Amino acid sequence: MFTFGRPTPRRSLSGADIAQLRRGAVYIIGPRPSADAERVDLVPYVKEGLFYREAPLPVWRIEGRAAAAKLAARGYRLSQSYIPPSVRPYLEGRRSPRLGGRVASFYLDRGVVHWRMGGEAWKGGCPQADYVASWGQPPPCPGLWVDLRRIYRRHLWLEAAERMGDAWLLKAARRRPEDAADAVHALAAEAVAFLEALAAATGIGVDAILDVLERNSVAAVAEAVFHWEAERRGYVLEDSRRLFDMPYFDMARGGKPGVYRGVAEFDFRSLFPSLAVKLGVDPTTARPCAGGYCFDGGPIADVIKRWLEARLRTGDKRLSEALKWLMNAGIGAWGKAGWGIVCEVCLLAVRGAAASLFDEAWRRLKPIYGDTDSIYVESSRAGDVAQWASALDGLTLELRGVWDVFILAPARGGGAAEKNYIKAGGGVFEAKGGLLRPHDLPLAVRLRYREVVEAALAGRDPADAAAEILRAAPPEQLFVYRAVEVRRLAGLKRRGALHTAALYLARRCGGCEVVDVFYVPDGDLVYVPWAAVDRRLAARPADEREVRAAAVSYIRRLWKLKALRLASGGQMKIVI
């Protein structure tokens, strides 16, 4: 039950926990922690087991995250310890976000600063900009720094290729600083647009959002709004950690692997938020009841409902995407490993409801494929789907489109491979999943992957089509591209061809944090431009002829192309 008097320590803090607590003011729940603590008129909700419960304890406000870290180590209960202090002035209305700022970006190469802004490019100097973006390089000029490494998960060229096309990887091979500056600026424009959309959705300024992202994720931005809504209603929620790992729900299923024509794709609009609102899921009112857990709404459910309604009515694509991120991240954080508003039963309730809905869809509609919030059916059954969806109170199921071709990949062990498919039609070609995406193909084949798929659908061996492309490819396109962080190479117990190539290139780079690796594996050797490297990192010159032969041999060994051949079966002649 509740602890009065001197608290009992409940767990030890990690170094990351302590670093998180060192800035700003936090709330302390329990006995007065120090003489300078300020008593506040708020009701605490503390985590006891799986549920938050109102507690007859005082709440204190203290300044300084270092002091809070010591109190947490002594067993005191904390609230909002992971929310940076820069967020509160926005939530309280003392500051308002400034939107529509000017974006400049730069790339530093050998002491030369390459600037981009508003379609202009120059070297040196300082622009008049509101945002200064870069890829991990501290800015030399005034402006709010947007470190793109904290926004994107992959490395620079991979992110550029993901968003603007694989042809950007050819620029990575050229290693020109002007190309890198262009890539940084394209990503900067996208990132700032997303940050300003988050600001518009939450009322929190971009500067404060960046403070959150320095040590946390978008989930903490959502949680800051959750905390504030609870505080406005007179109570605070204890920071807690999850008690168990979330169970796995099978939300990706496929029918028989193969090629399908005329496939309708349906997508639930904001499925998890819609279910949370429909069920009134809220950590502050979660309780056990007959057959599971029940909820009575609350401040967090109201915030999610407000965001959901805003997303359903907005025509602004960027705002819609920001609201989607906030809702899904905030709900997902109920089961996160770090500090936060943790409510395992809340997340279980939402996921369980989604799984039940998915089970019903598979019983009634017999989809070709489905995962998380999308289902694919033969277009002749689109009417059945629409009729079923019309009876789903509080949920919106949209027809996203009808694909001319849908390829469902086979798994190595039989059956359909989860989240691995190709869909094409109307000039659009999308490959999903590591089994079918061309990320591990030589650049020449990666750039013409659609032709390889068309060859498979026409009854040809896709490996033969890929080999033809390689035999006529420019030399610089014979290699596979990957980006490797040098720090991850230390202490490797098992070294593959990629690691060997990365280690060899890292030694030649000298001080690089990330190595752009262009390589082709070939038995005990790995080829890089233009050397053959063995496992001992001994190298000899390599010519174009042997690299081209190694690239052809490599693609013939890939399961990817074998899976594509098995899926197509050589039965249909389709041009996509």
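Student: Is Cys294 buried, partly exposed or exposed?

Tutor: This is a predicted model. In it, Cys294 counts as partly exposed, at 23% relative accessibility.

Student: Which residue is Cys294 joined to by a disulfide?

Tutor: A disulfide links Cys294 to Cys289, with an S to S distance of 1.9 Å. The link is right-handed, with 80° about the S-S bond. Cys289 is partly exposed as well, at 26% relative accessibility.

Student: How many disulfides does a search of the whole structure find?

Tutor: The search finds four. Counting bonded cysteines along the chain, they follow the pattern 1-2, 3-4, 5-6, 7-8.

Student: What about Cys343 and Cys346: buried or exposed?

Tutor: Cys343 is buried, with a relative accessible area of 1%, and Cys346 is buried at 0%. The two form a disulfide, S to S 2.2 Å. The torsion about their S-S bond is about 65°, so this disulfide is right-handed.

Student: And how far apart are the sulfur atoms of Cys509 and Cys512?

Tutor: They are 1.4 Å apart, and the two residues form a disulfide. Cys509 is partly exposed, with a relative accessible area of 34%; Cys512 is partly exposed at 29%.

Student: Changing topic, where is Asp41?

Tutor: Asp41 lies in the loop between β2 (38–40) and β3 (43–48). Asp41 has a relative accessible area of 76%; the cut-off for exposed is over 50%, so Asp41 is exposed.

Student: What separates the C-alpha atoms of Asp41 and Tyr235?

Tutor: A distance of 8.4 Å separates them, while the two residues are 194 residues apart along the chain.

How values were computed. Residues numbered from 1 in each chain as written. Predicted model: local features only at pLDDT ≥ 70, side-chain atom pairs only at ≥ 80, totals over all residues. Heavy atoms only, no water. Helix = DSSP H or I, 4+ residues; strand = E, 2+ residues; numbered from the N terminus. Buried < 20%, exposed > 50% of the residue type's maximum accessible area, 1.4 Å probe, protein only. Disulfide = S-S within 2.5 Å.
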